[in-house]
Amino acid sequence: LGLAAAVAATTIPSLAIAARPKVKITDVKVKRIRVVKELGKTVSGRAYRVGGDLVTFIETDAGLTGIGPGITPAMLAAARQRLVGADPLDVQRLSRGLFNPGGTFSSIGSGGNVEIALWDLVGKMLDIPLYRLWGGTDGKLMPYASQWSTGTPEERARMAQTVRAHNWRAIKFRSHFPTMKEDVALIEQTRRLMGDDFIIMTDANQAGDTPDGGSAGGVRWDYKRALDTAREYARLGLYFLEEPLPRWDFDQLADLRRATGLRIAGGEASTGLHEYRAMLEKGSLDIVQFEITVVGPTVARQIATLSAAYDKPCVAHVGFGPGVFCAGHFNASLQNGVFLGPSHGNGPTWEVFYEPPALDIEQIWSVYEGAPKLDKDGYMQLPDAPGLGISIAKDLLQDA
């Protein structure tokens, strides 16, 4: 009772000082956000809805709760064992115990999702947004609209027009067509419609396949197809080409960079620092991506620091549910973040899935109070509320 009274009488900022009342984690839970509305399917056949996300909650005896993306029952049991009774501000040690990469950005088996909830809690204890806690000064970002679908080159070019009509200034396609001719036509037609000022990126999704397991996006590219396509993309002013070859093919990725002068991005499927070190030593990438929901913010910071030593920019890649907001805060904190050119302002970028009408983040994010909105100039301002800066109304939560 004495502890509870002391905590209740204490302002949140004072929880961070040496004489603060001891705060302990009391439980870790998973809830589901109630489905509010079905939004339909994208061209690729993926269905989207408002609500339905799994969310992790880390509760404390101070009445503060951290939120992160959902996790599996097995990870929930492990998180309870490691976190209950611990001081949330002991986040570095706790994050080491949570490190358990799930191997894909949609995996809910990853300990990175728990760590995100832990950092949200720390931000709330210190009364500071995460981008400030991690060293950033301005939570303004220029996001790009990342696409799931392929369809036809004509359909995708028209989608770029739709995206720009909603104030987005950049788009990322998927180069998954059977032929190189179609992959190039996608960028040619988009550039013709959108002009030189619109920023275009594309993802070949070739990082899978043996020896990693999984499969490639579309058809498997060999080095010649990657080289020929990249040269055409460079001619068309593509900002970057993502994963044009298997992620473990460090030497050929480096050869591709040198042969084309086109920015090459990748790294989302990698989980260990040793992989990123090898990529950087070999000169395999221009832009280092990492999946923050897989590796967690602590290891992501290590990757960003390692990349800075090689003068390479970074971007935290996508994320789902509360994880996407964590990626935004992380990108806003990076000195070596990805900036989309001097003519496009000084805010770092942020990958956000957006493919209306089904994949409409303005509706999808409506279940998160405080979620940012795209302004007329193509920027998003992260909330200045503590932690991730978002919350979920209790009446939207139900048992998982």
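Helix H12 covers residues 322–333, and its 12 residues should span 16 Å at 1.5 Å a residue, which agrees with the 17 Å between its end C-alpha atoms. The expected span is 1.5 Å times one less than the number of residues. This is a predicted model, in which local features need pLDDT of at least 70, side-chain atom pairs count only at pLDDT 80 or more, and totals for chains, interfaces and linings use all residues. Residues are numbered from 1 along each chain as its sequence is written, and side-chain values use heavy atoms, with hydrogens and water left out.

**Helix H12**
- Helices (H or I, at least four residues) and strands (E, at least two) are DSSP runs, numbered from the N terminus.
- In H12, 12 of 12 residues are buried, where buried means under 20% relative accessible area, exposed over 50%, and partly exposed in between (1.4 Å probe, protein chains only).
- Among these buried residues are Phe 325, His 329 and Asn 331.

**Ser 149**
- Ser 149 sits in the loop that lies between strand E6 (140–146) and helix H6 (153–165).
- Its relative accessible area is 0%, so Ser 149 is buried.
- The side chains of Ser 149 and Thr 42 are joined by a polar contact of 3.4 Å; such a contact is a pair of N or O atoms within 3.5 Å, and within protein one must be able to donate a hydrogen and the other to accept it, while residues adjacent in sequence count only if both atoms are side-chain atoms.

**Met 180**
- Met 180 belongs to helix H7 (residues 180–194).
- With a relative accessible area of 25%, Met 180 is partly exposed.
- Met 180 and Arg 225 are 45 residues apart in sequence, yet their C-alpha atoms are 7.2 Å apart in space.
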